[in-house]
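I opened this entry to look up some strand pairings and the surroundings of the ligand. My notes follow in the order of looking.

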Amino acid sequence: MIRIDSLSHRIGPAAILSDISTTLPAGAITALIGPNGAGKSTLINLVGRLLPLQQGSVQINGMDIRATPSATLAQHVAILGQSNTVASRLTVRDLVAFGRWPHTQGRETEADRRIVADALATVDLADLASRFLDQLSGGQQQRAFLAMTLAQDTGWLLLDEPLNNLDMPHARALMRRLDALRDSGKSIVIVVHDVNYAAQWADHVVALKDGRLFAAGTPAEVLRADVLGALYDMPLEVILQDGRPFVLHHR
Ligand SMILES: Nc1ncnc2c1ncn2[C@@H]1O[C@H](COP(=O)(O)OP(=O)(O)OP(=O)(O)O)[C@@H](O)[C@H]1O
């Protein structure tokens, strides 16, 4: 479980997150939703230690992230941030192999090479493994960074908008893969803008608005017309499809 307690974050005079307390269940897919600027990336970056904690605490599997060495945490948590800078003269395979670093410290075994090959195959990039990153399309780059995160083979995966730039088949393939990883015991937190991905795949939904916790619960509890209407300040309709909410919001 990830336990977030009284978490607040400021940038200069601006309150970015205010007093967030919630838990993210282990062995589940949690969708983090909310409008642009709500604080989703800031929250996931604080939990994944891409940003230093200012106020409040975060525990991952009982480990206080302030008190746990980075090398230890890196074996438990992998994070895919939103803005990944592309080092142009790096091949796709080299990037993905970096994901093994916390385990190998540079001494790659056959098992590591298999995990890297598996991650590349998962994101459908095996054929482009020798390409340089700057020779890829936006969606292919996104998939390469995803593969690096998957190759870390951690219990927790924190993914900030992994569906960005992905076409429908690759988006569905990724969600199916995350579903299978969840079934194998992994814990996944995913920032999504299309709430229907949350409706279809998430076990737990956390909604942020204006830097505050707005709602948290099962998809049936959070993905309701009244809750989502107030979250996004727009009218929308929610129907049930195969027992799951489906949100109609395009017009
Ligand atoms: N480096 C920064 N300096 C100043 N303000 C920032 C900085 N980074 C983020 N913010 C502000 O913090 C708030 C939360 O941003 P954050 O990226 O966490 O939101 P988000 O919910 O992930 O948004 P989006 O859906 O647009 O990606 C926004 O108002 C943003 O403008």
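I began with the hairpin that β11 and β12 form, and found two residues between the strands. Aspartate 242 sits in that turn, and I noted its positive phi of about 50°. The model is predicted, so I record the angle as computed from it.

β11 covers residues 237-241 and β12 covers residues 244-248; they run antiparallel and share five bridges. I checked what stands opposite glutamine 241, and it is arginine 244 in β12.

I then turned to the open sheet. Four strands make it up, in the order β2-β1-β4-β5, with antiparallel pairing. Which strands stand at the edges? They are β2 (14-24) and β5 (63-64); each has a single partner strand, so one side of each has no neighbour in the sheet.

Within this sheet I looked at β1 (residues 2-11) and β4 (residues 55-60), which are joined by five bridges in the antiparallel sense. For aspartate 5 I found serine 57 in β4 as the bridge partner.

Last, I listed the residues around the ligand. They are Ile11, Ile16, Gly34, Asn36, Gly37, Ala38, Gly39, Lys40, Ser41 and Thr42. Which helix gives the most to this shell? It is α1 (residues 40-47), which supplies three residues. I also sorted the shell by residue class: six are polar, three are nonpolar and one is charged.

Key:
Residues numbered from 1 in each chain as written. Predicted model: local features only at pLDDT ≥ 70, side-chain atom pairs only at ≥ 80, totals over all residues. Near = placed C-beta within 6 Å. Nonpolar A, V, L, I, M, F, W, Y, C, P; charged D, E, K, R; others polar. Pairing = 2+ DSSP bridges.
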